Amino acid sequence: MSSAHVLQALCLLMVFSTASAQHGYMHDTGEEWVNTWRQGFNFQCPHGEVLVAIRSYFSEKEGSDRLWNFECQRTPYDWGEPNECWWDDINRAGLEWSSVCTNNGLVAGVQSKYFEAVLDREWQFYCCRYARRCPYSCWKTNDVPEYLKEEGEMVVPSYGYFIRGAQTTFSGVLRDRQWKYILCRMTDFDCQFENF
C-alpha cells in the first residue's frame with residue numbers, strides 16, 4: 001500500500017470518527033438538539049454542573065413536537081461535589097405540571113418521552129443536592145415561549161441563580177406547552193432546613 005493510500009485512508013477515518021463523535025441532532029435551524037422529532041431523550045449535565053439554559057423549536061407538522069437544547073455550567077467551586085442526585089417526580093402527557101427538586105436540589109438534567117396519542121411529552125427532572133445549601137430569593141420566569149407554537153429560550157439571568165424546577169401548562173387545542181422556570185439563589189453556608 002502506498003503512502004498516498006495510507007494518507008487517504010487516515011483522512012477518511014478522521015472524517016468518519018469526527019462525525020460519529022458529534023452528539024445531538026442537527027435540524028435546519030443550524031443548532032444542535034438533544035432529540036429528534038417524536039423521540040424520547042435523556043439529558044444529564046456533566047457531574048458537578050447544573051442546567052443554565054434551555055432552548056426549544058416547535059413544529060406542528062412534526063406531531064406538534066419540539067426539539068430541545070440544554071446548556072450546563074459548573075456550580076461554585078466552594079460547593080464541592082453534589083452529595084446526591086436523583087430523578088424527581090414525573091408528569092403525565094397532556095396534563096399541567098409543577099415540579100421543584102425535592103431536598104433543596106437543583107436541576108441537572110431532563111428526560112422526556114413523546115406520546116403520539118396526545119401529541120405531548122411526559123417530563124422528569126434530574127436533581128442534585130450540594131451539601132446543605134438552601135434556596136432563597138426564588139422567582140418564576142415569564143412564560144417560555146411567550147406565545148404557544150413559538151421558539152422558546154430561557155437563560156439564567158446571572159451567575160448565582162439556579163433552576164430549581166418549573167411549572168408548565170398544556171394547551172389541548174394548540175398541542176403545545178408554556179413553561180415558567182423556578183430560579184433561586186442558594187445560601188453560601190450550610191443551613192438546617194431539609195426542604196425549603
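Are Arg 177 and Asp 120 buried or exposed? Both residues are buried. The views below come from a predicted model.

**View 1. Arg 177 and Asp 120 form a salt bridge.** The side chains of these two residues meet at 2.8 Å, N to O. Arg 177 belongs to strand E13 (residues 176-186) and Asp 120 to strand E9 (residues 120-129), so the pair ties together parts that are 57 residues apart in sequence. Side chains of opposite charge can pair when their charged atoms come close.

**View 2. Arg 55 and Glu 153 meet in a salt bridge.** The N to O distance is 2.7 Å. Because Arg 55 lies in strand E4 (residues 49-59) and Glu 153 in strand E11 (residues 152-155), this pair ties together parts that are 98 residues apart in sequence. Arg 55 is buried, and its relative accessible area is 17%. In the whole structure, a search finds 11 salt bridges.

**View 3. Glu 60 pairs with Lys 149 in a salt bridge.** Their closest N and O atoms are 3.0 Å apart. Glu 60 sits in the loop between E4 and strand E5 (65-74), and Lys 149 in the loop between strand E10 (135-140) and E11, so parts that are 89 residues apart in sequence are tied together. Lys 149 is partly exposed, with a relative accessible area of 31%.

**View 4. The largest nonpolar core has 25 residues.** Leu 51 and Tyr 181 have the most contacts inside this core. At least two of its residues come from each of strand E3 (41-44), E4, E5, strand E8 (106-115), E9, strand E12 (162-171) and E13. Another core, of 9 residues, lies apart from it and includes Val 50, Trp 79, Tyr 130 and Met 186. In soluble globular proteins, nonpolar side chains tend to be buried together.

**View 5. Tyr 181 and the residues it touches.** Leaving aside residues up to four places away in sequence, Tyr 181 touches Ile 54, Trp 68, Trp 139, Lys 140, Thr 141, Val 144, Met 154, Gly 165 and Ala 166.

**View 6. Strand E7 (residues 97-100) has a covered face and an uncovered one.** Trp 97 and Ser 99 make up the covered face, while Ser 98 and Val 100 make up the uncovered face. In a regular strand the side chains alternate between the two faces of the sheet. E7 and E12 run antiparallel and are joined by 4 bridges. Trp 97 has Thr 168 as its bridge partner in E12.

Methods: Residues are numbered from 1 along each chain as its sequence is written. This is a predicted model: local features need pLDDT of at least 70, side-chain atom pairs count only at pLDDT 80 or more; totals for chains, interfaces and linings use all residues. Side-chain values use heavy atoms; hydrogens and water are left out. A salt bridge is a side-chain nitrogen of Lys or Arg within 4 Å of a carboxyl oxygen of Asp or Glu. Buried means under 20% relative accessible area, exposed over 50%, partly exposed in between (1.4 Å probe, protein chains only). A nonpolar core is a set of buried Ala, Val, Leu, Ile, Met, Phe, Trp, Tyr and Cys residues joined through side-chain atoms within 4.5 Å. Contact means heavy atoms within 4.5 Å. Two strands pair if DSSP finds at least two bridges between them.
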